[in-house]
Amino acid sequence: IKSCGNHSCPHPALHPLWQSPLTIPGGTRQSPINIQWRDSVYDPFLKPLKISYDPTTCLHIWNNGYSFLVEFDDSTDKSIIVGGPLENQYRLKQFHFHWGAINDWGSEHTVDSKFYPAELHLVHWNAVDYPSFEDAVMEGNGLAVIGVFLKLGARHEGLQTLVDALPAVRHKDTVIEFDEFDPSCLIPSCPDYWTYAGSLTTPPLTESVTWIIKKKPIEVDEDQLEAFRTLLFTSDGEEERRMVDNFRPLQPLMNRTVRSSFQ
Ligand SMILES: NS(=O)(=O)N=C1NCCCN1
Ligand SMILES: [Zn+2]
C-alpha cells in the first residue's frame with residue numbers, strides 16, 4: 001500500500017489507507033465486525049481454548065509500517081493453540097496491536113458498538129493441513145486469530161516488557177532481537193470468548209481467519225497506550241507520521257452468526 005501522502009486525514013474510519021477499495025471484491029466474510037452481544041448465539045459444543053506457548057520460540061520485535069509485531073519461530077509445534085472452535089492445532093506466528101490516536105477508539109472489533117482504545121491480535125496458522133503460513137493464508141480454515149481488547153486501567157507488567165522495547169523500533173522497518181517472552185501473559189484468564197468466520201484486517205485481507213475474540217479485556221495504563229502512539233508509520237529520514245488509528249473500518253456482518261462460548 002502506498003503511503004497516504006500528505007492530505008489532511010479525515011476520521012480514521014474514513015482514512016483511504018483502510019478504505020473499501022482494498023476489500024476483497026465480493027467479500028462475504030470480512031473483518032472486523034461489531035459484535036452485538038444479544039445477537040451472539042451460545043454454542044454448548046464449543047470447547048475451552050487451550051493455549052501453550054514456549055517463550056523460547058520468541059524471535060524479534062519489528063515495525064512493519066502498519067503496527068509493531070513480535071514474531072515467533074513457527075518451524076515446530078512448540079507454541080500452539082488447540083480446542084475452542086478449532087478442528088485441529090494452530091501454530092503461533094506473530095502478535096501485534098491496533099490502537100487509536102486517543103482512548104475513545106482504536107480497537108478493530110467493537111462490542112455493542114463500543115470501541116476499546118486498542119486490540120491485540122495473536123496470529124496462528126493451521127500447520128496440520130498446510131505446509132506454510134503463506135499457503136494457509138489462502139485457505140478458509142488456514143488461520144486462527146485471538147483478539148484481546150485493551151482497556152484503560154492498571155499498568156500491565158507483562159506489556160511493559162514490550163513497551164520498553166518500542167523506542168528501538170520507532171521507525172518503519174526497524175527490528176530488534178526479543179526473546180523469552182510468553183504472550184499468554186497478555187491473554188485474560190477468563191475463558192469466555194466469541195467466535196466467527198472472518199478475514200485478515202490488513203493485506204492480503206483474505207477470508208481465512210477463524211476469529212476468537214476474548215470477552216474480557218486486559219487493563220493497561222495511559223503511559224503504555226501513549227508509548228504505542230510514539231511509533232511511526234514512516235522510515236528514518238522521511239517526514240514523520242505518527243503510527244495511530246491503524247485499525248480497519250467495520251465490515252458488514254452479511255450472512256454470519258457470532259457464537260459465544262458462554263451463556
Ligand atoms: N490484523 S490481522 O487480521 O491479524 N491481519 C494480518 N495480516 C497479515 C498477516 C497477519 N495478520
Ligand atoms: Zn491485526
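Predicted model: local features only at pLDDT ≥ 70, side-chain atom pairs only at ≥ 80, totals over all residues.
Close-up 1. The side chains of Asp77 and Arg91 meet in a salt bridge, 2.5 Å from N to O. This pair links distant parts of the chain, with Asp77 in the loop between strand S5 (68–72) and strand S6 (80–83) and Arg91 in strand S7, 14 residues apart.

**Close-up 2. Asp43 meets Arg259.** Here the two side chains form a salt bridge at 2.7 Å, N to O. Asp43 belongs to the loop between strand S2 (41–42) and strand S3 (49–52), while Arg259 is in strand S15 (residues 259–260), so the bridge ties together parts that are 216 residues apart in sequence. Asp43 counts as buried at 14% relative accessibility, whereas Arg259 is partly exposed at 30%.

Close-up 3. Look for the side chains of Lys215 and Asp192, which meet in a salt bridge of 2.8 Å, N to O. Both partners come from loops: Lys215 from the one between strand S13 (209–214) and strand S14 (218–220), and Asp192 from the one between strand S11 (175–177) and strand S12 (193–198), so parts 23 residues apart in sequence are tied together. Lys215 and Asp192 are both buried. Elsewhere, Glu222, Glu226 and Arg229 are joined into one network by salt bridges that share partners. Across the whole structure, a search finds eight salt bridges.

**Close-up 4. The zinc ion (ligand 2) and its histidines.** Three histidines coordinate the zinc ion at 2.0 Å: His96 and His98 through NE2, and His121 through ND1. The arrangement is tetrahedral because the four donor atoms around the zinc ion subtend angles of 97 to 117°. Along the chain, the donors follow the spacing H-x1-H-x22-H. His96 in strand S7 (residues 90–99) and His121 in strand S9 (residues 118–125) link distant parts of the chain, 25 residues apart. Both of these residues, His96 and His121, are buried.

**Close-up 5. Ligand 1 in its surroundings.** The residues around ligand 1 include Gln94, Glu108, Val123, Phe133, Leu200, Thr202, Pro203 and Trp211. A nitrogen atom of ligand 1 comes 2.7 Å from a side-chain N or O atom of Thr201. Zinc-coordinating His96 has a side-chain N or O atom 3.3 Å from a ligand 1 nitrogen, and for His121 the corresponding polar distance is 3.4 Å. Of the 310 Å² of accessible area that ligand 1 has on its own, the protein covers 90%.

Definitions and conventions. Residues numbered from 1 in each chain as written. Chains lettered and ligands numbered in written order. Heavy atoms only, no water. Donors = N, O, S within 2.8 Å, 3.2 Å for Na, K, Ca; no water. Tetrahedral: all angles 85-135°; square planar, octahedral: opposite > 155°, others 65-115°. Helix = DSSP H or I, 4+ residues; strand = E, 2+ residues; numbered from the N terminus. Buried < 20%, exposed > 50% of the residue type's maximum accessible area, 1.4 Å probe, protein only. Near = heavy atom within 4 Å. Polar contact = N/O pair within 3.5 Å; in protein donor to acceptor, adjacent residues only side chain to side chain. Areas by Shrake-Rupley, 256 points an atom, 1.4 Å probe, with all protein chains shown as cover. Salt bridge = Lys/Arg side-chain N within 4 Å of Asp/Glu carboxyl O.
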